[in-house]
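Here is a friendly briefing to read alongside the model. Please keep the sequence and the 3D view open as you go.

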Amino acid sequence: MTALLEVNNLCASYRGNRVLHGLDLRIETASIVTLLGANGAGKTTTLRALCHMVDSAGEVRFNGENISRLPTEKIVRLGIAHVPDGRGTFTGLSAEENLQLGSYVRKDKAEVALDRERVYAYFPRLKERRKQQAGTLSGGEQQMLAIGRALMLRPKLLLLDEPSFGLAPLVVQEIFEIMRLIREKEGMSILLVEQNAAIALELADYAYLIETGRLVLSGESGEVKRNDAVRRSYLGE
Ligand code: ATP
């Protein structure tokens, strides 16, 4: 069966310096996949390469279509939404205006309003704070807003870069529970980049581990969790 995303031999470079050296990845519909690795392993670059935001080579098939040469804007329209590290919220705009920006490529305004309510149902705190400037929201609320904004695109695949970064463990738990619910209700797939391997492996069905731009291990999350090297180097056991 065709996977939602199928990546073969993905390479990426910054100013001629290659940092990804031929990754093969596969993401099924309605699955959560995590990409693990140490600082500088190439996780963020992988997400950028999938959206063609960096100089890249290799084949990226989304729903069977080769998207590797398409501009980022087209890739977004096809249904891949990227929540970058640092979240990228517009701090001077209200929470609701940020959500509105998330739907800028859509013309179906009535549906957009329904989707906004859908986002508020997942993140009731955003509804309470919808008039508040995004810059004054807590870190957790800003992460929720960044995810909510991506959901406004009705993506089939959500690329999440370090959503746990800088957040208290309870807030991370809350956000990850909501991600689980979103996958269940929307049938959406998620590619989750995390340094916090323990929580990522709890949420994900499948995991890939990269080191210096190369894939070193992959498997069902339960299996990866039991791997000795992973336990020592990434789970601190
Ligand atoms: P982290 O968790 O620290 O973000 P990462 O696994 O996401 O790490 P990347 O940010 O993808 O790693 O970085 C992979 C390699 O590419 C690193 O050697 C990094 O120094 C380099 N790199 C990342 N961004 C740039 C850039 N804009 N210009 C030049 N080199 C970069």
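This is a predicted model: local features need pLDDT of at least 70, side-chain atom pairs count only at pLDDT 80 or more; totals for chains, interfaces and linings use all residues.

Residues are numbered from 1 along each chain as its sequence is written, and side-chain values use heavy atoms, with hydrogens and water left out.

**The four-strand sheet**

- Four strands form an open sheet in the order E2-E1-E4-E5, and their pairing is antiparallel. Strands (E, at least two residues) and helices (H or I, at least four residues) are DSSP runs numbered from the N terminus, and two strands pair if DSSP finds at least two bridges between them.
- Strand E2 (17–27) and strand E5 (65–66) are the edges; each has a single partner strand, so one side of each is left without a neighbour in the sheet.
- Strand E1 (residues 5–14) is joined to E2 by eight bridges, with the two running antiparallel.
- E1 is also joined to E4, again antiparallel, by seven bridges; here Val-7 has Val-60 in E4 as its bridge partner.
- Two bridges pair E4 with E5 in the antiparallel sense, and Arg-61 has Asn-66 in E5 as its bridge partner.
- The hairpin of E4 and E5 has two residues between the strands, and Asn-63 takes a positive phi near 55 degrees there.
- H1 lies across E1, E2 and strand E4 (55–62), at about 110 degrees to E1. Axes are lines fitted to C-alpha atoms, for helices over the stretch in contact, and angles run from 0 to 180 degrees between N-to-C directions; contact means heavy atoms within 4.5 Å.

**The six-strand sheet**

- Six strands form a second open sheet with mixed pairing, in the order E6-E7-E8-E3-E9-E10.
- Strand E6 (80–83) and E10 are at its edges, each with a single partner strand, so one side of each has no neighbour in the sheet.
- From one strand to the next, the twist averages 15 degrees.
- Helix H7 (residues 169–186) packs on this sheet, where it touches E3, strand E7 (157–161) and strand E8 (189–194), and its direction makes about 155 degrees with that of E8.
- Strand E3 (residues 32–36) and strand E9 (residues 206–211) run parallel and are joined by four bridges; Leu-36 stands opposite Leu-209 in E9.
- E9 pairs with strand E10 (residues 214–220) over six bridges in the antiparallel sense. Bridge partners in E10 include Ser-218 for Tyr-208 and Arg-214 for Glu-211.
- In the hairpin of E9 and E10, with two residues between the strands, Thr-212 takes a positive phi near 35 degrees.

**The ligand and its surroundings**

- The ligand is surrounded by 14 residues, and the closest are Asn-39, Gly-40, Lys-43, Thr-44 and Thr-45; a residue is near a molecule if one of its heavy atoms lies within 4 Å of it.
- Helix H1 (residues 43–50) gives the largest share of this shell, four residues.
- By class, the shell holds four nonpolar, six polar and four charged residues. Ala, Val, Leu, Ile, Met, Phe, Trp, Tyr, Cys and Pro count as nonpolar, Asp, Glu, Lys and Arg as charged, and the others, Gly among them, as polar.
- A polar backbone atom of Gly-40 is 2.7 Å from an oxygen atom of the ligand, and a backbone N or O atom of Thr-44 lies 2.8 Å from a ligand oxygen atom.
- From Gln-195, a polar side-chain atom lies 2.9 Å from an oxygen atom of the ligand.
- Taken alone, the ligand exposes 630 Å², and the protein buries 62% of that; accessible areas come from the Shrake-Rupley method with a 1.4 Å probe.

Terms used
A polar contact is a pair of N or O atoms within 3.5 Å; within protein, one must be able to donate a hydrogen and the other to accept it, and residues adjacent in sequence count only if both atoms are side-chain atoms.
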